[in-house]
Amino acid sequence: MKLGSLVSLLCLGFGAMAGKYSRDMNEPQLRNSDGKTVEFRIAKLNQVWEKAQRMQLSPGHQAELHSDLKIQEKDELQWKKLKVEGLDENGEKEAQLRRNFNVILAKYGMDGKRDARTMESNSLKDHDIREGDQFDDPRLDKLWNKAQSSGKFSSEELQSLKREFQHHKDKIQEYNILMDTVSRTEEIHKNVISPLEGDTKEHVLHQKHTDLKLKMKDLNQGFERLRKISHEGFTEDSEFREPRVIELWEAAKRSNLTQDELDSLKEELRHFETKVEKHNHYQEQLELSHQKLRHVEGLGDEEHIKRNQDKYNTLAEKTREIGYKMKKHMQDLTNKISQQGLPHNEL
């Protein structure tokens, strides 16, 4: 897609649905009890954000973390209202929120494990990855190398396929994180004394094992799709380009949606894909802006540094906002499809 067309589509698609996904971001600055400006309304999320800044995550990862924490904040505040109304008696929603928080910590290497599953950039760091060892998984690497040397794909199609492989790699990472949290829960479960508490933990553990099975099924379906495309190539009637959108559409087609509902969802997914593309574009621009800022800082011109710092800060804020809106929209779409009896993906 040409850049001019992309920008026009981004403006149209994003503006059409901005109202629904803008309310959470247009709030006055938050302050804690000491009067200090903070990012979030929940103390533990601010602690994570402050730790992330000390870790010096890359600009893209930092923006992504901010979006994930914003979603976590929204969900936790909604849960507090449910709890007051007595709508989470078995603690299932609370356990899910705790698991989601642990996934965020592990995803960004803040769970205390120094062998944290490293996050690779989806766009600008391809040249840093060793040839033949791109996805940290033998099956994926073998499949990718075959696809790359098959001659069936144009350069643009290879980039699209590579995004799908990277998305699958991220899903493997999420599965490993969830499996780790289940193992820790089982260890805690062994030490339970109270029978009543034991029943509650048994329920939580059962739910986590169910989630694991669903994610494994999802991984198997995703790998089968990659295998099919790698051997047969993209079909002419491919509806979407972005892996997350493709995954949602494939799930919708397996659901009990009527044809009219599928047609309506397809249109909404097109808007969502535009939002994903806009987010990807801003992530790339943020990385480039950061590189330019580092270069300018090395020159020592204070006025030039301040001008580039201001541009970078504005771009970082916009990238976080777009990331949050995109993730919130994905969450809504996933929930809509899940209500038809399909698995729910949190992140």
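Student: How many aromatic pairs does the structure hold?

Tutor: The structure holds 5 aromatic pairs. Rings of Phe, Tyr and Trp (its six-membered ring) pair if their centres lie within 6.5 Å; planes under 30 degrees apart are stacked, over 60 edge-to-face, the rest tilted. This is a predicted model: local features need pLDDT of at least 70, side-chain atom pairs 80 or more, while totals for chains, interfaces and linings use all residues. Residues are numbered from 1 along each chain as its sequence is written, and side-chain values use heavy atoms, without hydrogens and water.

Student: What makes W144 and F165 edge-to-face?

Tutor: Their ring centres are 5.5 Å apart and their planes stand at 65°, so the pair is edge-to-face. W144 is in helix α6 and F165 in helix α7, 21 residues apart. Helices are DSSP runs (H or I, at least four residues), numbered from the N terminus.

Student: Why is F240 called buried?

Tutor: Its relative accessibility is 7%, so F240 counts as buried. Buried means under 20% relative accessible area, exposed over 50%, partly exposed in between (1.4 Å probe, protein chains only). W249 is also at 7%, so W249 counts as buried.

Student: Why are F240 and W249 called edge-to-face?

Tutor: The centres are 6.0 Å apart and the planes at 70°, so the label is edge-to-face.

Student: What makes R139 lie over the face of F223?

Tutor: R139 is 3.8 Å from the ring centre. The rule asks for NZ of Lys or CZ of Arg within 6 Å of the centre and within 35 degrees of the ring normal. K44 lies over F101 at 4.4 Å.

How values were computed
Helices (H or I, at least four residues) and strands (E, at least two) are DSSP runs, numbered from the N terminus.
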